Amino acid sequence: MKPSIIKAGISTTVTAAVTATLAGFFPGTATAVPDLPDMARQLAGRTVFLDPGHQGSNHDEDLARQVDNGRGGTKDCQTTGMTSVNGVPEHTINWNVAQLIKTSLESLGARVVLSRQDDSGWGGCIDERARAANDSGAAVAVSIHADSAPAAFRGFHLIVPQLPVPDAKVHQVQSGPGLAATKSVRDAYLQAGFPAATYAGVQDGLQTRSDIAGPALTAVPNVFIEMGNGANAEDAALLESPDGQLKHAVAITTGLVSYLLGAPPAASGSAADQSASVPGQAVPAQSAPNADGSTPNDTAPSAPSGTPPGPQAQPLQGMSPGLRSAPGTQPMPGTQASPGTQASPRAETIPGNQPTPNNPATPGTYALPGTQSTPNSLESDASPLGVLATTVLELLTPLARTLGMDDTAITAELINLAYALAGRLFAPAR
């Protein structure tokens, strides 16, 4: 039984690109096509503030200038960030991941505000980024970072503020919805197969800190993610490579969407739901407010406490040399991609593809096993973009399920998003 695209106007090459992955990827029989909400309106009216940590080197700002730390003291305006084991600066890793998250969120109808507009110049002090987030009207703010610890240790973690926070509003927000948003991203990371760090007091992927100013200055739910240890070879391979950055971006997006839609990440295997706040302090149950807020990007080095490195990530077949797959993803069999090919940045229009004619089925859905395919639906898109889009679509499956797309159908907008993300990966160096 083979799936077929049944959306009028979707090209046959896109059909073939997703057929190879989804045939057998969703076991079971489709008995009915659900009436799914328009994917492009899922987050309509919601704003997300993205803070790609640190800044480029083309500036003459004084990083040591003292600014408010949110706890009655001061700290350095900004830091340079780490450099990964293979020489990639953290600010570039953060920027690339943020761009992929932005593409994903905007495809769902969200408005995305960035703390900095490029990866070359100045990005603002930590207090200025928090203020920008607070003024943005964001429902959630995300500060994107990568850690630097001894090379023996690996894994992601999320930083939460030590409570109480002096500002009463910040305390209320970060002890309730901020913690909920953080745990949602934590769970999405675990379910994507990323290992949680256990060094420097991290428990269940959460680390409580009083020396990070961002969460103590942010008056909207704040997620502060350290995606991995740039000094560890396995973590660095994912942080540095385009497909590794995509896997981080998809996990962060899935966690954010889960939080904003009030649904748990659609998979199993999350860590024990232990509070990362100060012992004995209650964490009020609150829903995600549509308030204003942010998260800056200051991260201090962490002292390890002893965790062996995790398993080696395996290369992902069918992708350009040097691209590696994150834990928990399956390789695409029988495909090849040639590096260096550029693609249209927008997924809605795929050059050279013609709409599928005479398609009588319901528009807007991708029918899964148990449905009859149309004659032209199995033509193969062997282009590098098509191959990569197929792999990207597989990575987007947890997000699809969070959006209510179960094993019976997947909307064509998700296929378009896969092409948009694949096109961004093929874009010139950012």
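Which backbone oxygen does the side chain of R116 reach at 3.3 Å?

**Entry 1. R116**

I found that the R116 side chain reaches the backbone oxygen of G53 at 3.3 Å. I also recorded its reach to the backbone oxygen of H91, at 2.9 Å. I call such a pair a polar contact when N or O atoms lie within 3.5 Å; within protein, one must be able to donate a hydrogen and the other to accept it, and residues adjacent in sequence count only if both atoms are side-chain atoms.

I note that this is a predicted model, in which local features need pLDDT of at least 70 and side-chain atom pairs count only at pLDDT 80 or more, while totals for chains, interfaces and linings use all residues. Residues are numbered from 1 along each chain as its sequence is written, and side-chain values use heavy atoms, with hydrogens and water left out.

I located R116 in the loop between β5 (111–114) and α3 (126–135). Helices (H or I, at least four residues) and strands (E, at least two) are DSSP runs, numbered from the N terminus. R116 has a relative accessible area of 1% and is therefore buried; buried means under 20% relative accessible area, exposed over 50%, and partly exposed in between (1.4 Å probe, protein chains only). Leaving aside neighbours within four places in sequence, I listed P52, G53, H54, Q55, H91, N94, W95, G123 and R129 as in contact with R116, where contact means heavy atoms within 4.5 Å.

**Entry 2. D51**

I looked up D51 next and placed this residue in strand β2 (residues 47–52). D51 has a relative accessible area of 0%, so it is buried. Its side chain makes a polar contact with the side chain of R129 at 2.8 Å. A further polar contact joins the side chains of D51 and S143 at 3.1 Å.

**Entry 3. V88**

Is V88 buried or partly exposed? I read 21% relative accessibility, so V88 counts as partly exposed. V88 lies in the loop between β4 (74–76) and α2 (90–107). With neighbours within four places in sequence left aside, V88 is in contact with M82, T83, I93 and E240. I also noted that the C-alpha atoms of V88 and L239 are separated by 8.9 Å, although these residues are 151 apart along the chain.

**Entry 4. The chain as a whole**

I counted 11 helices and 11 strands in the chain. Of its 430 residues, 57% are buried. Among contacts between residues at least 6 apart in sequence, 85% join residues at least 24 apart.

**Entry 5. Helix α4 and its neighbours**

I examined α4 (residues 168–175), whose buried residues are V170, V173, Q174 and S175. These residues pack against β7 (157–161), α5 (177–191), α6 (213–217) and β9 (222–229). D167 caps the N-terminal end of α4, with a side-chain oxygen 3.0 Å from the backbone nitrogen of K169.

Two packed helices are described by the angle between their axes and the distance between the axes. Axes are lines fitted to C-alpha atoms, for helices over the stretch in contact, and angles run from 0 to 180 degrees between N-to-C directions. For α4 and α5, I recorded axes that come within 3 Å and cross at roughly 35 degrees. Q172, V173, Q174 and S175 of α4 make this contact with P177, G178 and L179 of α5.

**Entry 6. Helices α5 and α8**

I then turned to α5 and α8 (residues 242–261), which pack at about 135 degrees with their axes 8 Å apart. They are therefore oblique to each other; angles under 35 degrees count as roughly parallel, over 145 as roughly antiparallel, 65 to 115 as roughly perpendicular and the rest as oblique. On the α5 side I listed P177, A180, A181, S184, V185, A188 and Y189, which meet H248, A251, I252, T254, G255, L256, S258 and Y259 in α8.

Which residues are in contact with A422, leaving aside its neighbours within four places in sequence? I found L385, L388, A389 and V392. A422 lies in helix α11 and has a relative accessible area of 0%, so it is buried.
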